Each structure stands twice: as C-alpha cells, then as structure tokens.
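Here are my notes on this model, as numbered points. Have a look at the structure first, then read on.

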Amino acid sequence: MRIVRHSEQTLKTALISKNPKLVAQYEKLDAGEQRLMSEAFQPASDLFVPITLHSQSDWITSHPEAPQDFEEFFSDPYRKTPSPEKRSICIQSIGALGNTRVISEEYIKRLKGYCEAFFYGLTVKLLEPVSVSATRCSFRVNDHTQNLQIHAGHILNFLKKKKPEDAFCVVGITMIDLYPRDSWNFVFGQASLTDGVGIFSFARYDRHFYTSHYEGKVKKLHKKSSSDYSIFDNYYIPEITSVLLLRSCKTLTHEIGHIFGLQHCQWLACLMQGSNHLEEADRRPLNLCPICLRKLQCAIGFSIVERYKALVRWIDDESADIPRATPKHSCENNVNLPKPIEAFKEWKEWIIKCLAVLQK
C-alpha cells in the first residue's frame, strides 16, 4: 500500500495556476466556493484526501500518465465545451436494462436524474431504447468468461449517426459486456472525444459475474447468419441492486467527464481516477476533487452549492417511499427497485459537510 501525497504548493498550483488570467478567474469565485476548493491543499482536510494505491495492478502504477492540472485543462485546444445550441447529454440504452420493461424504464430514469444533478445546468435526454440488432454490431462469446460481448467500436459508429443536433454528447449504456477489438479480453467502456460519443457496459457490475453462478454464460455461439441476433433474445440481465446503481452512476459520470476533457486524476482521491479492476473502481469516490470540480465548473458554469443541493435532492427523492406508477393495462409486476440511500448514504453525509463549508 502506498499513499500518493503532493505538497500543498503543488496542489495549490494545480488548482489555481500561476497564470494571472486564471488566478483572476479563480478569485472571482464566491467566498464559499474558494473556501471549499482550498480544502484541496489543507493537510488536515477530511473532505479531500490523498490517493491510496493498494497494489502494483492499480491504474496509476500500471498506466503512467502526465497529470492534468487546471491550466492544462483550460488551455487544451481540442477540448469541447457545451454551447447554447448544444447543451444536452443524451442517453441511449442498448438492449434491455432490467428484467421487465418497467424496471428498465425506472433504472434509466434514475441514471438520467443523477446525471442531471451531477452535470448541473445541462439537460439530460433519454433516446428511444434500441435492440442490439438495431446497431448491426459484431458480437462474440468471450473465451475466458463464456459471456456474450458486443463490439464497442461498432456501437460508437451507430451512436455517431444517431447524435441529435442539440446534443453535446450521446452515451450508450448496456447490460451486455463489451470488447474493443478481437485481441482484447473486454473493456468497461469506450469513448470518442472528438465525436462526443461513448458506450459503457454495466455487465461486470453484477455481483455474480466472476463466479461459477453467473447465468450469462453461453456454451457455444450458434449463428445462422451475420444478421442473426436471436441469441440476445431473453439473454441474462443482472438484478438491479443499490450497489449496481452506484457503480453505474460512477462509471457514467466518470466517462462523460472524459468527454468534457477531464483526464484521469492523479492529485487526490477523486471520481476521475483511473481504475484497472472492479475493486479499484469501488474504492474510487463519487465526488470530484477540487481540481476536477473546477474543471467541470469551468466547462458548464454551475453554482457548486446548487449542484450539491441537486445531488442531495436526487438521493432524497429517489429514496422516498413514493409508490411507483406502472403503465395502464400493464401486466408486469410493480417495480420495486432498491433505494439509492442504501449505497449513497455516506456520500450524502459527505455532500452535507461540503455544503456547511460553502455556506459558512
């Protein structure tokens, strides 16, 4: 185990910069926002802590990258930002997300609400769900895990063609595992920053995925033709648990963060840290460190207080005991998804601490 600890001055420069223009920009933030962000370089802060590496297989050790400070983010000539004409994030579901249509709809509504709070100030839209066959993507059975996989690159091409005019980005989500090319085992997600599209799979967030009990194993691929997608009919879908929802929210916001131009964070424990495996992804917090928070605020232009309040509202609203209406004439069972508070409780407490600092 190793702690990645930066000096106070290094963190201060990474956040504020030494560029007079960016320093002046920082000083225009209100006093509460400056107070919260300055927690980045306070050694005694319990809001923002150093990154802890647990093994040689962790991302920072196995994928050396140059860290991106605020000035490098701000000056990146290839970075794309939302414009008045393109201020929406579109979510495209591919294949079923839940065991019934109602569960699929509820689950994606929760992801939509979370993204609206996280990327506060932008509109999040749900595109009409599509089947795997509609994408015309290649697919295979993974030799190691024996589960079905769809080709991430082909999905990106499909999303690029479907991107609405007013969309800043389109992100596809699926419960089917992904692979980027034949030589790779799998990938959690893939994005094209220039095209503003991404595809992310939550298949491996099923608690049984790496066990012998996993029900998504396929012994052999029987394909009548290249256009035969019948194997996906009634294919296994993991149960939507509070932990799977939390993992989905993490992945979705992390990957959309990349589309905004945020690179992997190496400053403090942060949502934008890279992860090589599920254990590392689970250790990654839901929150952005102050350096990444300033980057996202710069891109979107939100009030940090209002953004945090929106996140608390999402947790509270989704956890309230409100009966969920099902469509008329539906013969499906009433939807009974687990409440987010079960997995998001600690984060809500953390946000409330941040709000106390902001509103002193």
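1. K125 is partly exposed at 33% relative accessibility, and D166 is too, at 27%; "partly exposed" sits between buried, under 20% relative accessible area, and exposed, over 50% (1.4 Å probe, protein chains only). Their side chains meet in a salt bridge of 2.3 Å, N to O, the term being used for a side-chain nitrogen of Lys or Arg within 4 Å of a carboxyl oxygen of Asp or Glu. D166 is in the loop between α8 (152-162) and β7 (167-174) and K125 is in strand β4 (residues 123-126), so this pair ties together parts 41 residues apart in sequence. Helices (H or I, at least four residues) and strands (E, at least two) are DSSP runs, numbered from the N terminus.

2. Before going further, the ground rules: this is a predicted model, where local features need pLDDT of at least 70 and side-chain atom pairs count only at pLDDT 80 or more, while totals for chains, interfaces and linings use all residues. Residues are numbered from 1 along each chain as its sequence is written, and side-chain values use heavy atoms, with hydrogens and water left out.

3. The structure holds 11 salt bridges, and two others are worth a look. D195 pairs with K160, with the closest N and O atoms 3.5 Å apart. This one links distant parts of the chain, 35 residues apart: D195 is in the loop between β9 and β10 (197-201), and K160 is in helix α8. D195 counts as partly exposed at 28% relative accessibility, as does K160 at 40%.

4. The other one stays within a helix. E105 and R101 form a salt bridge of 2.9 Å, N to O; they are four residues apart in helix α6, which puts about one helical turn between them. An α-helix has 3.6 residues a turn, so residues three or four places apart point the same way. E105 is partly exposed, with a relative accessible area of 30%, and R101 is partly exposed at 44%.

5. Now the largest pocket, at about 940 Å³. On a 1 Å grid over the protein atoms alone, a pocket is an open set of points where a 1.4 Å probe fits, with protein on both sides within 12 Å along at least five of seven lines; lining residues have an atom within 4 Å of a point. Its volume is the space filled by probe spheres set on the points, with grid points joined across faces, edges and corners. There are 34 lining residues, and W59, G189, E255, H258 and H264 lie nearest the centre. Helix α9 gives the largest share of the lining, five residues; β9 (189-192) and α9 (242-259) each supply at least two. The lining splits into 14 nonpolar, 13 polar and seven charged residues, where Ala, Val, Leu, Ile, Met, Phe, Trp, Tyr, Cys and Pro count as nonpolar, Asp, Glu, Lys and Arg as charged, and the others, Gly among them, as polar.

6. What does H264 touch? Leaving aside residues up to four places away in sequence, H264 contacts W59, E65, H254, H258, M272, Q273 and G274, contact meaning heavy atoms within 4.5 Å. H264 sits in the loop between α9 and α10 and is buried, with a relative accessible area of 15%. Its side chain makes polar contacts with those of E65 at 3.4 Å and H258 at 3.2 Å. A polar contact is a pair of N or O atoms within 3.5 Å; within protein, one must be able to donate a hydrogen and the other to accept it, and residues adjacent in sequence count only if both atoms are side-chain atoms.

7. The second largest pocket holds about 580 Å³ of space. Its lining has 30 residues, with R283, R284, P285, L286 and N287 nearest the centre. Here α13 supplies the largest share, nine residues, and β2 (51-53), α9, α10 (278-283) and α13 (341-358) each supply at least two. By type, the lining is 14 nonpolar, four polar and 12 charged.

8. Finally, helix α11 (residues 290-300): 10 of its 11 residues are buried, including R294 and K295. The buried residues pack against α1 (8-16), α2 (20-27), α3 (31-37), α5 (70-75), α6 (101-118) and α12 (304-319). Just after α11, G301 takes a positive phi of about 90°.
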